Amino acid sequence: GATEWPRRVSAVIDFLYEHLVGIVYYVTDDSMIAMRCLNAIAGAMIPVLVWKTAKYISDDETARRAAIWSAMFPTQFYYSCLPVRDSLSTFAIVLVFLGMTAVTSNGKGKDILALPIGLALTAGFRAYVFTVLAALIPLCWIATAVLSKSKGKGRFIAKIMFLGVVAAVI
């Protein structure tokens, strides 16, 4: 309650992390281990989401390899151990990619819900990434709709558009 928030927190949209830290510290009496645990949980969920995303566009073996590689990514492992927003931001962006893949692949409803949830979290954690995604996702879907008029190429083009958004964000 008595924490004086910096002026920059109220001047931007990506305020979610600061408020999340404030709530966790308020509930746990300034326990930094609680924030580290929250980041570790988000970091541990990323390979699962990568696996689910890869299952939509590839076989089981490739999806498993993608999940293993994402689990061993050094910076993600490092971010999961620190009380910084990067692990949660990455989790939110991976949710967006899962949702986009589910939408373009006629996926399950709960996987499609990952898109708006991921976008909302991304807006709270990294507003500039949200701005890029908010512009690119509709453009990619429009381009996919226009280009998929050719018979049998719709899924292929949707995957290419998805990879384009991934490359733009990276």
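Student: Hi! What are α2 and α3 to each other, oblique or roughly antiparallel?

Tutor: Hi! α2 and α3 are oblique to each other. Angles under 35 degrees count as roughly parallel, over 145 as roughly antiparallel, 65 to 115 as roughly perpendicular, and the rest as oblique. This is a predicted model, where local features need pLDDT of at least 70 and side-chain atom pairs count only at pLDDT 80 or more, while totals for chains, interfaces and linings use all residues. Residues are numbered from 1 along each chain as its sequence is written, and side-chain values use heavy atoms, leaving out hydrogens and water.

Student: At roughly what angle do the axes of α2 and α3 cross?

Tutor: Roughly 130 degrees, and the axes come within 9 Å. Axes are lines fitted to C-alpha atoms, for helices over the stretch in contact, with angles from 0 to 180 degrees between N-to-C directions. α2 covers residues 16–28 and α3 covers residues 32–57; helices are DSSP runs (H or I, at least four residues), numbered from the N terminus.

Student: And what about α3 and α4?

Tutor: α3 and α4 (residues 60–71) have axes that cross at roughly 155 degrees and come within 8 Å, so they are roughly antiparallel.

Student: New topic: how many salt bridges are there?

Tutor: Six in the whole structure, each with a side-chain nitrogen of Lys or Arg within 4 Å of a carboxyl oxygen of Asp or Glu. One of them pairs Glu18 with Arg85, with the closest N and O atoms 2.7 Å apart.

Student: Where do Glu18 and Arg85 sit?

Tutor: Glu18 is in helix α2 and Arg85 is in the loop between α5 (74–80) and α6, so this pair links distant parts of the chain, 67 residues apart. Both Glu18 and Arg85 are buried (under 20% relative accessible area; exposed is over 50%, partly exposed in between; 1.4 Å probe, protein chains only).

Student: Which partners does Glu61 have?

Tutor: Arg64, with the closest N and O atoms 2.2 Å apart, and Arg65, at 3.1 Å. Glu61 and Arg64 are three residues apart in helix α4, so about one helical turn separates them. Arg65 and Glu61 are four residues apart in α4, again about one helical turn. Salt bridges that share partners join Glu61, Arg64 and Arg65 into one network.

Student: Is Glu61 buried or partly exposed?

Tutor: Glu61 is partly exposed because its relative accessible area is 32%. Arg64 is partly exposed too, at 43%.

Notes:
Helix = DSSP H or I, 4+ residues; strand = E, 2+ residues; numbered from the N terminus.
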